[in-house]
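Good morning, and thank you for coming. Please look at the sequence and the structure on the screen while I speak.

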There are 2 protein chains.
Amino acid sequence: MTNKMNLPNFDSISQAHDRIKPFIHKTPVLESSYLNNLLECSIYFKCENFQKVGAFKFRGALNAVLSNEKDTLKKGVTTHSSGNHAQALALAANLSGTKATIIMPQDASKSKIEAVKAYGADIIFCEPNLISREETCQKFIDKSGALFIHPYNDHSVISGQGTTAKEFIEEVPYMEMIVTPVGGGGLLSGTAIAAKSMTPSIRVFAGEPYGAGDACRSFYAGQLIQITNPNTIADGLRTSLGTITFSIIIQIVDSILTASDETIIAAMRLIWERMKIVVEPSAAVPLAAIMENKDIFKNKKVGVILSGGNADLDNLPWIKKT
Amino acid sequence: MTNKMNLPNFDSISQAHDRIKPFIHKTPVLESSYLNNLLECSIYFKCENFQKVGAFKFRGALNAVLSNEKDTLKKGVTTHSSGNHAQALALAANLSGTKATIIMPQDASKSKIEAVKAYGADIIFCEPNLISREETCQKFIDKSGALFIHPYNDHSVISGQGTTAKEFIEEVPYMEMIVTPVGGGGLLSGTAIAAKSMTPSIRVFAGEPYGAGDACRSFYAGQLIQITNPNTIADGLRTSLGTITFSIIIQIVDSILTASDETIIAAMRLIWERMKIVVEPSAAVPLAAIMENKDIFKNKKVGVILSGGNADLDNLPWIKKT
């Protein structure tokens, strides 16, 4: 039976915030008059690309690790992740004095692999699909007894991710809409819980790559549809929703909007060029969704969570290499 | 006879600050624990890449324009610049309701040319050397009667650039050293005046590309040496010191350190990868100078001015293109 105290709600998000606050960055909120003019709305960007490990994922992983007793952690922690949750868990484990072992797909970006190693974690590589990830991870757990920390389908991870929106709305209480990327749905479900609790009238949107549009399809079909062959530049969003994140999202999220990779790349470049900050493709998806749905956001005060900055600087999508 | 009131000193910097404050961004100061560990010192980065037009140059150009009467501005303003001063003067003119015409070298980066046009200025292209720039500019002045605003060898421009260090030291009063890039010397001389006035014990350094090392050679020779064939990735620093900037620099700057293009590119990449911000090659030169002279900065509190963020995103120095 699930412990009610662990269900993600505004209380668990507040508790998570108290728990992780000494270790995280309170990331800045930036604006761009160029983008506001271009899109005819007021956008506030919450810069989780400046978060430790370069992504919001540190909040959820750290909350998950710190929510466990030392004894539970003594055989180490493990997860499977295409990148940012991997770095996040590696650093969270490091700070908590335990060992992290990360199952990563072979095609994860070089900068993410190097960062995971730098935080002192071990890496086991697998095929770049969900089945191989889960099987490889289960084998390791059977052998080692390590504690599995799911990248998104976990109450304490969702509560940790929800601290981003809590911090954001505390700073910009008048925002009328909030947009996050959606992959597995940890950030989106945590954001929706925090936002609707703090500002009941706020509308919560997700941006999703068209080529990995399982969340959008699941949302409108009213049932969980798994993605089989995701095809998008936004490598952090190639996963499907989980059972827990889906059950939250279907209840309280207002809409999921898809964007093409072409628009995602254009949005990413606009953020680099105009805001002078480095964001990864996944982080540009909310702006891309706004660009493809200008009418919805026109004249509104819109919060956008820039989820991460771990772009592979050797492989920028707008540069053809030799 | 020069009006003493116009000589750059701390009073003229304070006056410039009052004059331009309503129009500029108070840029943030960032730190990176990774870079502090790597270089064994505490570095504070003043992010003028977030300044309007993406560079500190807006401060000087705006102060120069706003220091003139409307009548003096009625035939427009003009300058020659490899990029950021061009954008800066274009926007400053736009805000002041006058016309800017910019002489730009043919090899200026695409993003800089586009930005100048977007601010409503006209462009006249010239050969990429100082003689052609100056000749082309003089011809235009003779024809139009426009007011020339020099990119650096100008009292009001130097006072404007000095507001960066004033703002920086007001926020981080305990810094023991400050490092800027040096090209024409406007930022360096303004910084030195502000810094030595506010903190007499502070040591003022410049970083200069080895392939455009005229400031370093002039400084140690005790006389102004012009550069003829600058060869560096740092396109904003291919100019020589001016008579005014040299006379200030030789008196109160502590040292000028050169760095190789290889180190400049490595420093630029470190800033992008670790700090998640976009800086142009010229802005990475102070960090490169610290990397090549670690002993000088060891255990010190060091302020670094990140001069600009107008990198050409289609031409990143670490990516070989097709």
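**How the two chains meet**

I begin with the interface. Together, chain A and chain B bury about 2,000 Å², and 60% of that area lies on carbon and sulfur atoms. For those new to this kind of number, the size of an interface is often given as the accessible area lost when the parts come together.

Please keep in mind that this is a predicted model. Its scores are ipTM 0.92 and pTM 0.93. In chain A the mean pLDDT is 94, with 98% of the residues at 70 or more. Residues 1-5 of chain A are a stretch where pLDDT stays under 50, and there the model has two contacts beyond four places in sequence.

The contacts can be counted on both sides: 21 residues of chain A touch 21 residues of chain B. Of the interface residues of chain A, 100% are also interface residues in chain B, so the copies meet through the same surface.

Let me turn to the interactions across this surface. The rule finds two salt bridges between chain A and chain B. In a salt bridge, the side chain of A:Arg269 meets that of B:Asp314, at 2.8 Å from N to O. Helix α11 of chain A, residues 261-275, gives the largest share of the side that touches chain B, namely four residues. Sorted by class, that side of chain A has nine nonpolar, six polar and six charged residues.

I close with one residue inside chain B. Where does B:Asn153 sit? B:Asn153 is found in the loop between β6 (147-148) and α7 (155-171) of chain B. Its side chain makes a polar contact of 3.0 Å with the side chain of B:Thr243. A polar atom of the B:Asn153 side chain also lies 2.8 Å from the backbone nitrogen of B:Ile244. Beyond its neighbours within four places in sequence, B:Asn153 is in contact with B:Gly242, B:Thr243, B:Ile244 and B:Thr245.

Thank you for your attention.

Technical notes: Residues are numbered from 1 along each chain as its sequence is written. Chains are lettered from A and ligands numbered from 1 in the order in which they are written. This is a predicted model: local features need pLDDT of at least 70, side-chain atom pairs count only at pLDDT 80 or more; totals for chains, interfaces and linings use all residues. Side-chain values use heavy atoms; hydrogens and water are left out. pLDDT is the predictor's confidence in each residue, from 0 to 100. Contact means heavy atoms within 4.5 Å. Buried area is the accessible area (1.4 Å probe) that two parts lose on being put together, summed over both. A salt bridge is a side-chain nitrogen of Lys or Arg within 4 Å of a carboxyl oxygen of Asp or Glu. Helices (H or I, at least four residues) and strands (E, at least two) are DSSP runs, numbered from the N terminus. Ala, Val, Leu, Ile, Met, Phe, Trp, Tyr, Cys and Pro count as nonpolar, Asp, Glu, Lys and Arg as charged, and the others, Gly among them, as polar. A polar contact is a pair of N or O atoms within 3.5 Å; within protein, one must be able to donate a hydrogen and the other to accept it, and residues adjacent in sequence count only if both atoms are side-chain atoms.
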